[in-house]
Amino acid sequence: MENTSPQKTETAARGAEGREQLSIVIVGHVDHGKSTIIGRLLADAGALPEGKLEDLRERCRKSAKPFEYAFLLDALKNEQTQGITIDTARCFFKTARRDYIINDAPGHIEFLKNMVTGAARAEAALLVIDAREGVQQNSRRHGYMVSMLGIRQVSVVVNKLDLMDYSEQAFEAIRSEYAEFLARLGVETVSFIPVSARNGVNIASRSDETPWYRGPTVLEQIESFVKPAAPTDLPLRMPVQDIYRFTEHDDDRRIVAGMVQTGSLAKGDEAIFQPSGKCSTIARIEGFNSSEQTQAIAGQATGVTLTTQIYIKPGELMCRADQRQPRIGTQLRANLFWMGKSPMVVGRPYRLRIGAARVQVNLAAILNVLDASELSTVQGKGQVDRHDVAECVLETVRPIAFDLHNEIETNGRFVIVDNYEISGCGVILEQVEARTSMLHEHVIRREFAWDKGNVDRGERQARFNHKGRFIVFTGPTGNARHELAKRLEQHLFRKHCNTYYLGIGNVFEDLDADEPTRSVSRDEHVQQLGDLARIMTDAGLLLITTLAGVDDYDLERLKLLNEPNQLFIVNVGENIFSHFPVDVQLPDGADTRDAINVVIRELNTREVLLDYCI
Amino acid sequence: MDQLEQLEARSVHILREAYREFKSLCMLWSIGKDSTVLLWLARKAFFGHVPFPLVHIDTSFKMPEMIIYRDRLARKWHLDMILGQNKDALEAKQTFPDGNSDRIACCRKLKSEALKHTLMGDWPRMRMDHSTGQYRIDESTEAFTGVIVGARADEEGSRSKERYFSPRNVESDWDVDDQPPELWNHYKTDFAPGTHVRIHPLLDWTELNVWEYIERESIPLISLYFNKGDGTRYRSLGCFPCTTPVQSDASTVAEIVDELRSGKFARIAERSGRAQDKDDGGGLETLRREGYM
């Protein structure tokens, strides 16, 4: 009952690899006729299922509606009643040459986020303009979006020319105005095509109506778009999506998985993971039901095993040591398109996603807001409103590895999540340096406003016989950290120390806050914890907590937030930090009493504990 | 990279993204060719493993061969199988085959409702015990927040509007008019409590792509898809009272690929053998808005 065979058959892939698939987006202002153009294209190129056209004519007749080609695409009922395309409908269509996915992007401004979705998938764009209305505000905005989304091949279709008596002057007027506008954006148009979608003029076949036009039909233009080549010649950028260790059925591989965005990697390459800077060598390119591969190239979803065990987390960027490295930093200047329901404002935390990294980000400054439809700028705006394009400075709470948009496009662009929704997208123009970080500013402001009491630190230490310290137990998940931390609290308390074990799960109302969470931002948790520690250590307390999966940057932030007081790090098990100093390193599974003694001894040596209190 | 490799890479990326972001994740497996390809892609993505449960909704009217095939692969590939069923409707015989319901209402009860409650965990679920190969009541009643589904955009109109990651509200409703943006390999993976996300790794695949991939990878498929001498085969699988075969001599995967390439079915909808589609006005929109897959 199954046609099983373990390996690929000889006949596999016959013919399939010869076919190319091109993704095209068709964009334009509402009512300019995008759906009609696609409907007509499908009908005239003979790509419709049998009976579909007749069905639709019949349905229109029954409901006493004039038939329109646009109905073919607007498959959903509520669209036919409203007469506009609501979402990005994809339609599949093939010619002798290749396969196409055509994304019909809605023109109405309310649905701009759908247009972005459609356009971001595309390798070429058709921009549609109504000959009667000419270049509208939204036509300009769409031109801008297409440019920002990185589509390099653009053709402009001037529709409804039948309503202008196929006037060459009318067509030329639109051509010169829009071409000039697009050129300012750096968009080079490959053609301007005069059409009447309703009458099928210059869609799939040429017409006597426009004897003055010598260029391609829409179909010919689509056929001559060039499929962009995979960016294999750029430096390697592979966002690490995950690290797999599936131990079932004796599988002991630790696989670093991700999709190669640019460049290529091969067995034996020295890999460097950014921003942590950890290095190893690629031992093997892993696969399933495939012969062993020696290299992986841009566009492939792959996985590698490394020759050494290094601790890296999802979100890092795998690069090659022999190639140009990405920039690493927290501050960047970017062009940003905002589509969130609420405006983007300074002071509210957002999530930035670049490659596989997710990190808390703040809007540090709005440099100017561009009116995308006029290409004029507005300065001094305090927020980025929906559908604004803003040039701004963003600051992440931890360093990210990125490239500039004009260097390596795929690693120079990001999206921003607000309140669970992807609300913005942008491209990185420049790395910004030498601004005081927002975290520093926060600490400076906090310390400036701090109203000290009359009891000074020395008095407190003399009374308590110890200094205030924030003692953090770190290490991989699932080991004895909790037990050790609680035992330390108990031990110190019985020695009359002022100490407190903080189970942060209770504080942050998230039972998993102590574990490396998959989707919840722990960056905010870290900041709250740091501010809290600052208060409690200032009160002279030995504050003890445990944190799993923290990295160098988390500890640096905690250190900064806890200033002027200090941290004391006890790491249990594998030390995963690349540079942050650990005060006590304990093996996992050590005897609890011995482990506590080691910690106490070190606290004595560092003169945190002023009496000998073992 | 050819077209199939590109499609595979994107699907694998989406599956890994789902696995990274959703703590409570499952995949729907209808036993049909699409969801079996999806299952194969999961094994690709996770290097031979399938690290989440597979959910099958048993309407009790599936063709018997489908059940045998399901359990055989489940054991062979170590799949964490979960079954769900609308027991009340079946016991009360409120079904189309029993003559007490129209097709749409039957689909709604046996599939949509059973699925919704199986995902929510508030109806009993059965889970395969691999030591015996038998199903037992699942002790876990945890709701799934991420559900991987094998829907393809070219199947029928409403599916062409789907996102790769498509949020559903508490009632499993799909708000077609207000969908999240998706761009540059970033999908909606952040979600408010009480909602869940449907994940569609096969959205860009066509029927031909699916068959070409089955051929290239030698994916074991249920034999109902092949002509066994009577000149018919199933092109889409469902419950036996509402599914009819198509006229076709194709008896191997290669012959089906050739048949599809020849354009024989170019003018006939893939789901033309599925009676409920016609009863829902030509599309599946009513059912899909309510949570049908």
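**Exercise 1. Work out which elements cover the buried residues of helix 3 of chain B, and how that helix is arranged.**

Solution. Start with the covering: strand 2 (54-57), strand 3 (81-84) and strand 4 (126-129) of chain B are among what covers the buried residues of helix 3 of chain B. Contact here means that the C-beta atoms of two residues, placed from the backbone, lie within 7 Å, and helices (H or I, at least four residues) and strands (E, at least two) are DSSP runs, numbered from the N terminus. This is a predicted model, in which local features need pLDDT of at least 70 and side-chain atom pairs count only at pLDDT 80 or more, while totals for chains, interfaces and linings use all residues. Residues are numbered from 1 along each chain as its sequence is written, and chains are lettered from A and ligands numbered from 1 in the order in which they are written.

Next, take the length of the helix. Helix 3 of chain B covers residues 64-76, and its 13 residues reach 19 Å from the first C-alpha to the last, close to the expected 18 Å, a span defined as 1.5 Å times one less than the number of residues.

Then sort the residues by burial, where a residue is buried if 20 or more other C-beta atoms lie within 10 Å of its own, exposed if 12 or fewer, and partly exposed in between, with C-beta atoms placed from the backbone. Met66(B), Tyr69(B), Arg70(B), Leu73(B) and Ala74(B) are the buried residues named in helix 3 of chain B. Seen down the axis of helix 3 of chain B, the buried residues fall within an arc of 130 degrees, so they line one face of the helix; the arc is that of the directions from the helix axis to the C-beta atoms. An α-helix has 3.6 residues a turn, so residues three or four places apart point the same way. On the other side of helix 3 of chain B, Pro64(B) and Lys76(B) are exposed. After the helix comes His78(B), with a positive phi near 55 degrees.

**Exercise 2. Describe how strand 5 of chain A is joined to strand 6 of chain A.**

Solution. Strand 5 (residues 153-159) and strand 6 (residues 189-194) of chain A run parallel and are joined by five bridges; two strands count as paired if DSSP finds at least two bridges between them. Within this pairing, Val157(A) stands opposite Ile193(A) of strand 6.

**Exercise 3. Locate Pro275(A), and state which residues it contacts beyond four places in sequence.**

Solution. Pro275(A) lies in the loop between strand 10 (270-274) and strand 11 (278-285) of chain A. The peptide bond from Gln274(A) to Pro275(A) is cis, with omega near 10 degrees. Pro275(A) counts as buried because 24 C-beta neighbours lie inside 10 Å. Leaving aside neighbours within four places in sequence, Pro275(A) is in contact with Ile328(A), Pro399(A), Ile400(A) and Ala401(A).

A further cis peptide bond runs from Glu563(A) to Pro564(A), with omega near 10 degrees, and Pro564(A) lies in the loop between helix 13 (552-562) and strand 27 (567-572) of chain A.

**Exercise 4. Is His496(A) buried or exposed, and is Asn185(B) buried or exposed?**

Solution. Most residues other than glycine have a negative phi, and most peptide bonds are trans. His496(A), however, has a positive phi near 70 degrees, and Asn185(B) has a positive phi of about 65 degrees.

His496(A) sits in the loop between helix 10 (481-494) and strand 25 (499-502) of chain A, and His496(A) counts as exposed because it has 12 C-beta neighbours inside 10 Å. Asn185(B) sits in the loop between strand 7 (165-168) and strand 8 (196-199) of chain B, and Asn185(B) is buried, with 20 other C-beta atoms within 10 Å.

**Exercise 5. Which stretch of chain A has a pLDDT below 50?**

Solution. Chain A averages a pLDDT of 83, with 87% of its residues scoring at least 70; pLDDT is the predictor's confidence in each residue, from 0 to 100. The value is below 50 over residues 75-87 of chain A, a stretch with 34 contacts in the model beyond near neighbours in sequence. Where pLDDT is low, the predicted coordinates should not be read in detail.
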